Amino acid sequence: MGRAFEFRKERKFKRWAKMAVQFTRLGKEIVMAVKAGGGDVNTNSRLRTAVQNAKAVNMPKDRVEAAIKRASSRDEKDYEELVYEGYAPYGVAVLVETATDNTNRTVANVRSYFTKYGGSLGKTGSLDFIFTRKSVFTFEPGDRDLEELEFELIDAGLEDLFVEADEEGKDIGVIHTAFEDFGKMQKALEEAGVEVKSAKLERVPQSFHEVTEEQVVDIMKLIDRLEEDDDVQAVYHNMAE
C-alpha cells in the first residue's frame with residue numbers, strides 16, 4: 001500500500017490531536033465577533049454563527065462562555081485578519097486565512113513554511129481566479145426531502161445542495177450560496193426548520209490540480225505545518241482529492 005497510504009493513516013490519528021487547535025481558533029473567532037458586534041448572540045449574527053460552529057465540534061460550553069466574557073474586557077487584544085496566497089510544491093494553489101495580534105510574526109512564519117517545504121508565497125489577489133468565496137452550510141439530512149428543500153431555498157440564493165460522507169462515514173448535507181447571501185440563507189434555513197451543523201464563509205476552488213499519491217505526501221507537509229500555526233484560522237487548496 002506504500003508510503004502515501006501510511007501517511008494518510010497517520011493523518012487520521014492526528015485529527016484528535018488537532019482538536020485543541022480547533023478550539024483555539026473558534027475561541028479567537030468568538031473574540032473577534034464580540035469585538036465587532038457585542039456579546040449578545042441574539043443581536044450579533046457573527047457571534048451566533050461562531051457559537052453554533054463551536055457546538056458542532058463539541059467545544060465545551062464553559063470555554064465558549066469564557067471566550068465571550070474575555071472578549072468583552074477592554075484588556076483583551078484585537079486581532080487583524082489577513083490572507084496569504086501562494087503555491088505548494090507541484091503547482092497546487094494554497095490560500096491561508098489568519099487572525100493575528102502580530103502581523104510581522106505571522107507573515108514571517110507563513111513565508112518560512114512555504115520556503116521550507118518547497119512552495120512560494122505570492123501576492124495578494126494572485127489566486128482570485130482559482131478560489132471563490134462562498135457561504136457553506138452543513139446539516140444532517142435524515143429523512144428530509146432534499147428536492148423540496150432545494151425549492152424552499154431558491155429565493156435565499158441556493159447555488160448547490162448535495163450530500164457527502166463526513167470523516168466518520170455519515171451522510172452530511174452541504175449547501176453552497178454566494179458570499180453575500182450568507183445572512184439570507186441562514187434565516188431561510190431557520191425558517192425551514194433545518195438544524196444547521198456548521199455555517200462558514202469558505203474559499204471554494206473553481207479548478208483542481210491533479211497530483212500523484214507520492215506528491216500528496218510532500219504537499220501535505222506544508223499544509224499540516226500551516227494548520228499547526230496558532231495564527232492560522234483556515235487553509236484552502238485546490239489539490240484534487
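The second largest pocket is lined by Gln-52, Lys-55, Ala-56, Phe-139, Glu-140, Arg-144, Gly-193, Val-194, Glu-195, Val-196 and Lys-197. This is a predicted model, where local features need pLDDT of at least 70, side-chain atom pairs count only at pLDDT 80 or more, and totals for chains, interfaces and linings use all residues. Residues are numbered from 1 along each chain as its sequence is written, and side-chain values use heavy atoms, with hydrogens and water left out.

**The pocket**
- A pocket here is an open set of points on a 1 Å grid over the protein atoms alone, where a 1.4 Å probe fits and protein lies on both sides within 12 Å along at least five of seven lines; lining residues have an atom within 4 Å of a point.
- The second largest pocket has a volume of about 240 Å³, counted as the space filled by probe spheres set on the points, with points joined across faces, edges and corners.
- Helix H3 (45-56) and S7 each supply at least two residues of that lining, and H3 gives the largest share, three residues.
- Helices (H or I, at least four residues) and strands (E, at least two) are DSSP runs, numbered from the N terminus.

**The sheet**
- Four strands make an open sheet in the order S5-S6-S4-S7, with antiparallel pairing; strands pair if DSSP finds at least two bridges between them.
- The edges are S5 (158-165) and S7 (196-205), each pairing on one side only.
- From one strand to the next, the twist averages 25 degrees.
- S5 and S6 (residues 171-178) run antiparallel and are joined by seven bridges, with Val-163 opposite Gly-173 in S6.
- Helix H6 (residues 146-153) packs on the sheet and touches S4 (131-139), S5 and S6, its direction making about 150 degrees with that of S5.
- Axes are lines fitted to C-alpha atoms, for helices over the stretch in contact, and angles run from 0 to 180 degrees between N-to-C directions.

**Val-34**
- Val-34 sits in helix H2 (residues 19-37).
- Val-34 counts as buried because its relative accessibility is 6%; buried means under 20% relative accessible area (1.4 Å probe, protein chains only).
- Leaving aside neighbours within four places in sequence, Val-34 is in contact with Gly-39, Asn-44, Leu-47, Ile-68, Ala-71 and Ser-72, where contact means heavy atoms within 4.5 Å.

**The annotated stretch**
- An unreviewed UniProt entry annotates residues 79-239 as "domain: TACO1/YebC-like second and third"; such annotations may be inferred rather than shown by experiment.
- Over residues 79-239 the chain is 30% helix and 37% strand, with the end C-alpha atoms 30 Å apart.

Terms used. Buried < 20%, exposed > 50% of the residue type's maximum accessible area, 1.4 Å probe, protein only.
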